[in-house]
Amino acid sequence: MEKIQLRINGVEHAIDADKNTVLLDVLRDQRRLTGVKQSCDQKGQCGACTVLVNGKAVRSCLSRVVKLDGADIITVEGLGTPDNPHLIQEAFVLAGAVQCGFCTPGMIMAAKALLDENPNPDKEEIKKALRHNLCRCTGYKKIIEAVQLAGRFLRSETTPDAVRPTADQGMMGVSHPRPSAMAKACGTAKFTADYAVEGALELSVLRSWMPHARIAAVDTAEAEKMPGVAGVLTAADVKGTNILKYLVADRPVLCRDEVRYVGDPILAVAAESRQQAAAALEKVKVVLEPLPMLSDPHAAMAPDALQLHSEFPNLCYNQPQIKGDAQAALQTAAAVVAARFQTQINHQAPLEPEATVALWEKDEAGDEDQLVIIGRSINIHYHLGMLQGALGWENMRYVEAFSGGQFGIKIDVISEGIAGAAAIHFKRPVRYIPGLAESMLMTSKRHAFDMQVKLAADRQGNLTTFFNDMVVDNGAYYSIGHVVVYRALQMLSGSYNIPNVNARGRLVYTNNPWGSAARGAGPPQANFALECAMDMLADKLGMDPFEFRMRNILKPGQTKSTGQVVAEWPLPELMEAMRPHYDRAVKEAAAASTAKIKRGVGLGTGSFGIGGPNDAAVAAVELDDDGGISIFAAAADPGEGNDAMLTQLTAEFMQIPLEKVRLNTRDTINTAASGPAAGSRITYMIGGALINALEQLKAAMQSTGAETGPAIEAAGQPRRFVGRKKTETGPLDPETGQGPSFESQVHAVQLVELEVDTETGQVRVLKMTTAVDAGPVIHPQNLTGQLEGGMDMGVGFALREEYIAGETRDWKTFKFPTLAHHFDMDVIIRETPRPNGPLKVTGVGEMCMVPTAPAVINAINNAVGVWVCDLPATPEKIKAALAG
Ligand code: FES
Ligand code: FES
């Protein structure tokens, strides 16, 4: 060990360091400067750990402390505080560049180094300076704008006060800074791994390296003798059922006899430090005896296939959808296209790795102490119930920390089960903070779809029939399973009027990573097939893809593939708004193409359902002593902006200042179950329940004349009201797939302009324009932020990203979108009121995932005339298609 002198945020510190000690660990673990984040496994891939070292932006995970003697270190905490922020922090908040906020401190520090040297950087200089910093939420557009705005502040061309919206601008359609944005920009918002707990054990978990195997032997004797080790946790030590049941009881907290995918957890070592736990894990001896692997869902459906779960068949769900007579319509069609479309297993890729802290609180009233789970759940009450059963401990509470994005990955319990079981077994607080590689192993993935499609039209170009036989790879565990198939069927006909439909969704267990929610969850995969088939059919009919779509858009009074009659469908207006952009793009593409570089234009549409059957939400409001409103609703906000939505809806409805709206949304102790932050449902469902509660409160205030909590109680009325929002109930008919669908829809048209290098197969997206109608806008930055992030994610899904078990282990192998992939983005907004939405609005979070991938693939076809229907459309696949 050496003594190293560091000046950190202006204060001198003597640090003990050996030759391997990195600055990130000193800052986070020793100095508790948790504004410095870690996403990648200290490989220099994420930039979340960026700090200033002697004025230069440095990834602190790559910086050896022994080489820093006498250095001057500035972290995001040293720039400013929420009460006295730096101008760059102000700029990030005011530009709407802070969504989940996990990347924000690193981005801000990289921007600081740039602006110190160059106070007026252009876009390319910003992209270069921030090239090491990843963001999953924003699509980078608002981050570039934030750096530009910071430059204007620093050059005294404007001020935060001049930019910040004021109360007299109103609440609807105004981008008031999000409630937590400044805390995230200043590094004071606590994410799960930022919780330090005195005396906590740290965990290291052994996970299966085989896709299917019997656990033949486990020897932990040597590991248990290692320094600092408290013990080893196996399935036998889990008190409850050891099963995390979301819909089906099939996923163990820790595997007992068998592992079913690469990543299945076998045991956990608990020790006083992470390093000790990891060292001891190396000493564990486990023998796995390989069992046959089900890698292909088609093979897994064969009658003689081995059954993965003894209680459930491999074909675990099978839902047809029959509307009209598709076969008869096929016989008389003027044009038919048939194709196979496949989508990949993909990682949702939130920047923050998985994490849980489990701690104990004394409960004087109860028989047993309370186990508090701090994690990244988007459904705290449901997860609490799952954990109570699996772990056999009743007195438990879940607290949602700030979350570094999730995109569906946290719809199910992940690390909470092992952390909670260890806390109960060892009667100690526990931190389970896995790295990125392990997070990738343990989490659910986007389902792979394999679709056989036929689409047909009559001579005039009217769609007549659609076949889609979907085989969905569920992986090893069910999770939300059939919900994904349901959603794909409920939105199967996309934006169009298709009188005859014959489809089927089959969900199959395999030994692949388990599928679950992933932004859009089903419709992005199904719509990819439909929208590409639309271009194929337009081509066969000799029609322009734009006009072909216009002709076939569903009209109010017509039915979706579920038979549901739609009341509103403002898609033609979006198409008309897109028309001039499409015409321009087509002209420019023709002019810009060369023999080597071909320019292409692609369209996709999407109509995404929100407020599905059987949905319900609850929200309570309370009139405070000062006339403010407290909201109590378990409405997770992993970065979309739900906190701002709830705050602004309340301020608008009650005509009170934003500061008088108080949120209680993150703790099971003071909220009611309101369902997951998934399916783009929070604004529509919880916002709906909130408005229902506020209506009751407002009526009571008006009838009593009371304006404060004490006054309303003195007038004989309660100060607390509970609001509810429910949708139609009922399943799809098991034989026909006809039945209730969604109460509300958000619509989008996507236009992609790209170029393809015919020699290398490389695709460069140049520009994407999206036209969206999600009803009246509450917060323009939040809306456009969702769309921009969704475009970026949709392009990744179309062109690059894939999760391959055992190979995808970090952001590089995942091909995470960086600033180098950034393209121009434009958003066109229409605001058709939705009759049943809170203040006439609906949700939007997943919309951009639905039309983006097909628009990209259609643009590639438009550029070079080949179809790549097997995502991702990598350069290799495009080259192979071009070679014929
Ligand atoms: S933790 Fe340093 S770059 Fe990822
Ligand atoms: S805001 Fe950048 S990762 Fe979430």
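# Sheet, cores and salt bridges in a predicted model

Strand β27 (residues 763-773) and β28 run parallel and are joined by 7 bridges. The bridge partner of V772 is I829, in β28. This is a predicted model, in which local features need pLDDT of at least 70 and side-chain atom pairs count only at pLDDT 80 or more, while totals for chains, interfaces and linings use all residues. Residues are numbered from 1 along each chain as its sequence is written, and side-chain values use heavy atoms, with hydrogens and water left out.

Helices (H or I, at least four residues) and strands (E, at least two) are DSSP runs, numbered from the N terminus. Two strands pair if DSSP finds at least two bridges between them.

β27 and β28 belong to an open sheet of 4 strands, in the order β21-β26-β27-β28, with mixed pairing. Its edge strands, β21 (597-610) and β28 (824-830), each pair on one side only. On average, neighbouring strands of this sheet are turned by 15° against each other, direction ignored. Helix α19 (residues 571-592) lies across β21, β26 (744-757), β27 and β28, and runs at about 0° to β26. Axes here are lines fitted to C-alpha atoms, for helices over the stretch in contact (heavy atoms within 4.5 Å), and angles run from 0 to 180 degrees between N-to-C directions.

A nonpolar core is a set of buried Ala, Val, Leu, Ile, Met, Phe, Trp, Tyr and Cys residues joined through side-chain atoms within 4.5 Å. Buried means under 20% relative accessible area, exposed over 50%, partly exposed in between (1.4 Å probe, protein chains only). The largest nonpolar core has 246 residues, of which F92, F341, W811 and I860 touch the most other members. Helix α21 (residues 682-704) gives the largest share of this core, 12 residues. A second, separate core of 23 residues includes L206, A213, Y261 and A476.

A salt bridge is a side-chain nitrogen of Lys or Arg within 4 Å of a carboxyl oxygen of Asp or Glu. By this rule there are 58 salt bridges, among them these:

| Pair | Closest N and O atoms |
|---|---|
| E788 and K142 | 3.0 Å |
| E755 and R599 | 3.9 Å |

E788 lies in helix α23 (residues 780-799) and K142 in helix α6 (residues 141-154), 646 residues apart. E788 is buried, with a relative accessible area of 2%, and K142 is buried at 5%. D412 is buried at 1%, and R251 at 7%. E755, in strand β26, and R599, in strand β21, are 156 residues apart.

How values were computed
Chains are lettered from A and ligands numbered from 1 in the order in which they are written.
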